[in-house]
Amino acid sequence: MLAVGAPVAYATLGTGSPSDARPAAPAAARGKAYVETRLFFGTERPDGGADVTDRQFLAFIDEEVTPRFPNGLTIQDGRGQWRDSHGVIERERSYELTLLYPESEARVRDPQIERIRNAYEKAYAQDSVARLEERTTADF
């Protein structure tokens with residue numbers, strides 16, 4: 001007779017009962033599937049204009065971001081550097097905007113995020129607004 005299957009082995013330190021060796025049930029996953037999008041906004045203008053001020057940036061958030069993401073967002077101050085289109089290393093004050101939304105809304109949110117990026121680039125003569133996305137879980 002030929003038996004097919006994985007061998008079963010039990011290692012216990014307790015009573016020696018096979019039930020003691022069973023792996024614990026996996027913990028219930030917390031939260032739901034979300035997308036975390038981070039946008040990085042520079043403040044220096046390549047055209048030589050005045051740097052974007054806190055007041056201007058917050059007005060931009062109020063006008064362009066909040067209407068599209070009224071449930072919440074996070075803004076962090078930053079310092080960054082990048083190589084511009086002329087090969088020059090630029091260092092500047094920056095802002096990092098974090099948006100968190102259900103994964104089921106990703107198709108709807110993508111064009112909204114692109115409009116935000118384009119609006120900032122146009123309003124403040126920026127070469128680009130960097131975008132970073134990650135799939136995650138969130139529990140509120």
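Here are legends for a few close-up views of a predicted model. Local features are kept only at pLDDT of at least 70 and side-chain atom pairs at pLDDT 80 or more, while totals for chains, interfaces and linings use all residues. Residues are numbered from 1 along each chain as its sequence is written, and side-chain values use heavy atoms, with hydrogens and water left out.

**View 1. Glu 96 and Arg 38 meet in a salt bridge.** A salt bridge here is a side-chain nitrogen of Lys or Arg within 4 Å of a carboxyl oxygen of Asp or Glu, and the structure holds 10 of them. In this one, N to O is 3.2 Å. The two partners come from distant parts of the chain, 58 residues apart: Glu 96 sits in strand S3 (residues 89–102) and Arg 38 in strand S1 (residues 32–42). Strands (E, at least two residues) and helices (H or I, at least four) are DSSP runs, numbered from the N terminus. Glu 96 has 17% relative accessibility, so it counts as buried, whereas Arg 38, at 21%, is partly exposed. The cut-offs are under 20% relative accessible area for buried, over 50% for exposed, and partly exposed in between (1.4 Å probe, protein chains only).

**View 2. A network of salt bridges links Asp 110, Glu 114, Arg 117, Arg 131 and Glu 133.** Take Arg 117 and Glu 114: their closest N and O atoms are 2.9 Å apart. Both lie in helix H2 (residues 106–123), three residues apart, or about one turn of the helix. Arg 117 is buried at 18% relative accessibility, and Glu 114 is partly exposed at 26%. Another bridge in view joins Glu 133 to Arg 131, with 2.4 Å between the closest N and O atoms. Glu 133 is partly exposed at 35%, and Arg 131 is partly exposed at 23%.

**View 3. Phe 41 and Phe 60 form an edge-to-face pair.** Rings of Phe, Tyr and Trp (its six-membered ring) pair if their centres lie within 6.5 Å; planes under 30 degrees apart are stacked, over 60 edge-to-face, and the rest tilted. The whole structure has 11 aromatic pairs. Here the ring centres are 6.1 Å apart and the planes at 65 degrees. Phe 41 is in strand S1 and Phe 60 in helix H1 (residues 54–65), so the pair ties together parts 19 residues apart in sequence. Phe 41 is buried at 0% relative accessible area, and Phe 60 is buried at 5%.

**View 4. Phe 57 and Tyr 95 are stacked.** Their centres are 3.8 Å apart, with 5 degrees between the planes. Phe 57 belongs to helix H1 and Tyr 95 to strand S3, 38 residues apart. Both Phe 57 and Tyr 95 are buried. Ring pairs link Phe 41, Phe 57, Phe 60, Tyr 95, Tyr 120 and Tyr 124 into a cluster.
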